[in-house]
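Me: I've got a model open and want to know what the labels on it rest on. Can you take me through them?

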Amino acid sequence: MTLPDELCERFIVSRESLERLEVYVSVLLSWQERINLIGPSTVDQVWSRHIADALQLLLLFPPGKTELADLGSGAGIPGLVIAIVAGYRVHLYESNGKKAAFLREAIRQTRATATVHQIRIEQLQDEAALPGVQVVLARAFAPLERLIGYAEPFLKKGAIGFFHKGQDVDAELTAAAKCWKLNSIKHPSIIDSNGVILEVKEAVRVQH
């Protein structure tokens with residue numbers, strides 16, 4: 001059994017979704033030769049390091065969620081991978097023009113239900129009409145204190161955050177506590193022994 005097959009069995013991914021994931025990986029590796037979408041040292045581990053890291057979120061999402069936002073989407077991990085596999089409608093926020101072009105091409109070839117928003121994430125605070133997402137995602141994007149600020153437009157409307165974090169998560173939580181009162185849960189990553197998925201159920205600004 002190949003690694004993609006093993007992952008799909010582990011995360012209950014259909015054969016059709018696996019085929020679309022393989023298309024995504026093919027597009028990703030083709031574009032990787034021109035622009036830096038994932039760490040060069042991880043190219044040979046794209047399934048175990050990147051695809052699996054996105055798929056583990058499916059084990060954490062509450063039922064009944066249908067629309068997601070992925071902040072600083074970059075290579076589309078985790079947002080586009082989730083859209084391909086699980087059929088969620090996903091909004092990918094990416095300011096870099098080349099990465100946004102990659103995302104649009106990957107969406108076209110995989111037929112994912114995803115939309116690219118090419119704006120700076122700081123502009124979200126000024127957007128009059130944001131999509132009504134129930135979940136907001138980010139992976140390797142920003143320190144937690146700033147990340148919560150970026151996600152606030154969605155969180156204050158009731159969305160739940162799921163953020164990939166590394167071994168410094170406790171230090172990030174301490175720093176964020178100066179500005180935010182968080183209702184959060186740390187889920188151990190099943191991909192990275194030093195990583196966690198930080199679930200943020202509520203974020204309230206601390207009044208100074």
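**Helix packing and burial**

Reply: Start with a crossing: helix 2 and helix 3 cross in a right-handed way. Right-handed means the near helix is turned clockwise from the far one by less than a right angle, left-handed anticlockwise. Helices here are DSSP runs of H or I, at least four residues, numbered from the N terminus. Before going on: this is a predicted model, where local features need pLDDT of at least 70, side-chain atom pairs count only at pLDDT 80 or more, and totals for chains, interfaces and linings use all residues. Residues are numbered from 1 along each chain as its sequence is written, and side-chain values use heavy atoms, leaving out hydrogens and water.

Me: Which residues of helix 2 and helix 3 meet?

Reply: Leu18, Leu21, Glu22, Tyr24, Val25 and Leu28 in helix 2 meet Val46, Trp47 and Ile51 in helix 3, contact being heavy atoms within 4.5 Å. They divide into eight nonpolar, no polar and one charged; Glu counts as charged, while Val, Leu, Ile, Trp and Tyr count as nonpolar.

Me: Why does Glu152 count as buried?

Reply: Glu152 has 14% relative accessibility, so it counts as buried. Glu152 lies in helix 6 and touches Gln125, Trp180 and Arg205, leaving aside residues up to four places away in sequence.

Definitions and conventions
Helices (H or I, at least four residues) and strands (E, at least two) are DSSP runs, numbered from the N terminus. Buried means under 20% relative accessible area, exposed over 50%, partly exposed in between (1.4 Å probe, protein chains only).
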